[in-house]
Amino acid sequence: MISFKLTEEQEQIRKLARSFAEKEIIPIAAEYDEKEEIPWHIVEKAHALGLMNRTVPVEYGGQGLDHVTDAIVAEELAYGCLGISGALGANGLALAPILIAGTPEQKEKFLKPFCAKPQLAAFCLTEPNAGSDVASISTTAVRDGDYYVINGRKCFITNGGIASLYTVFATVDKSKGLKGITAFIVPGDTPGISMGRKEKKMGDRASHVAEVIFEDVRVPKENVLWSEGQGFKIAMMTLDRTRPIVGAAAVGVARRALEEAIKYSKQRVQFGKPICENQAIQFMLADMATKVETARLLVWYACWLLDQGLPVSKIGAMAKMYAADVAMSVTVDAVQIFGGYGYMRDYPVEKLMRDAKILQIYEGTNQIQRIVIARNLLA
Ligand SMILES: Cc1cc2nc3c(=O)[nH]c(=O)nc-3n(C[C@H](O)[C@H](O)[C@H](O)COP(=O)(O)OP(=O)(O)OC[C@H]3O[C@@H](n4cnc5c(N)ncnc54)[C@H](O)[C@@H]3O)c2cc1C
């Protein structure tokens, strides 16, 4: 028998995250979107409330949440602002390689002090010439005694240049392709790390995305995750784990757009009656609501698979792809329901539509998700 009843703990954390989004995030979201800055006071408050580092086990200073509960929180925070939820949520992406492949000693050494304070982490995979095609990464890690020396340039890195902890993917032998890729834990204060260009984005603007430059960055061999050549596997396992949470954030964006559209359609009067009395508007709202519900079902199913330790690649890719497409189409429809006002920055749906686009691009574009799904179908 399948139950959709949330546990008492899930209800409590949903309430907490919802009220945090409504009282703390929504009032400042437009301002930080305009300024293109992370609201640092929100990071501090989120940390104090236990809304960060959510899937890190309690013994390492995290919240020890399961993935379904993490998805519930991610939906609420993204309902408030995708950029802010992304800045907080990037820790989940960056720390996942350590959770997946870290030894108990590495977890104790790196996760515990990191989680003790409000700090940001970054996952460094993408490069200017290696986006979807991860095998092409050219950042190198050359062994030098007990150290590796990392050189290269990563781009589009959320929290790049401002993170206290990095997980970095570099090749120890380019000729080996995927088999040369190795994952490293790199503290943010290691000499040789610097921030390159800070990106100016279409949406998702309250998060910080920048290039990260590695120049002769010396990392002890103890910071390698698993062993040389395991980096690609770790990156793919990380994305399997985090894509459903991107899906959850997409559900949050879509639900917000739906609720704003319902509210507006009841208030806006044209031809002597509220526009919601037109069947054309009602059908749009009905389709939008159905998409939000079905996206959430897929996201929760993927998270449930993760919590059971079952294979999640295919359903996780479906959840991310479908929920991101839903967020895009629902926000476009919300703008349509607002008419000309929807195109203006005075109303929230314009930002929601700009924000939604990134969900179809990061953590693997929706084309790449379709490749993952098709590979699974044809295997
Ligand atoms: C705001 C933002 C935040 C990000 N944060 C991070 C981060 O924290 N860490 C990190 O490592 N990266 C991050 N990224 C990078 C992101 O994951 C990549 O942008 C994404 O994987 C796509 O890579 P690309 O931009 O190089 O596009 P490309 O790989 O060049 O793709 C361009 C187009 O071609 C399509 N395409 C490519 N290959 C195929 C194929 N085989 N079949 C069909 N279509 C294909 C793609 O779907 C896309 O439509 C971020 C990006 C953005 C914009």
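## A ligand between two domains

Domain 2 (121-228) and domain 3 (232-378) both give residues to the shell around the ligand, so the ligand lies between them. The domain bounds come from an automatic or database domain assignment. Keep in mind that this is a predicted model: local features need pLDDT of at least 70 and side-chain atom pairs count only at pLDDT 80 or more, while totals for chains, interfaces and linings use all residues. Residues are numbered from 1 along each chain as its sequence is written, and side-chain values use heavy atoms, with hydrogens and water left out.

**Around the ligand**
- The shell holds 18 residues, with T126, S132, F156, T365 and Q367 the closest (a residue is near if one of its heavy atoms lies within 4 Å).
- Strand 3 (147-158) and helix 10 (366-378) each put in at least two residues, and strand 3 has the largest share, with three (helices are DSSP runs of H or I, at least four residues, and strands runs of E, at least two, numbered from the N terminus).

**Polar contacts** (pairs of N or O atoms within 3.5 Å)
- In the side chain of S132, an N or O atom sits 2.6 Å from a ligand oxygen.
- F123 brings a polar backbone atom to 2.8 Å from a ligand nitrogen.
- For F156, a backbone N or O atom is 2.9 Å from a nitrogen atom of the ligand.

Methods: Polar contact = N/O pair within 3.5 Å; in protein donor to acceptor, adjacent residues only side chain to side chain.
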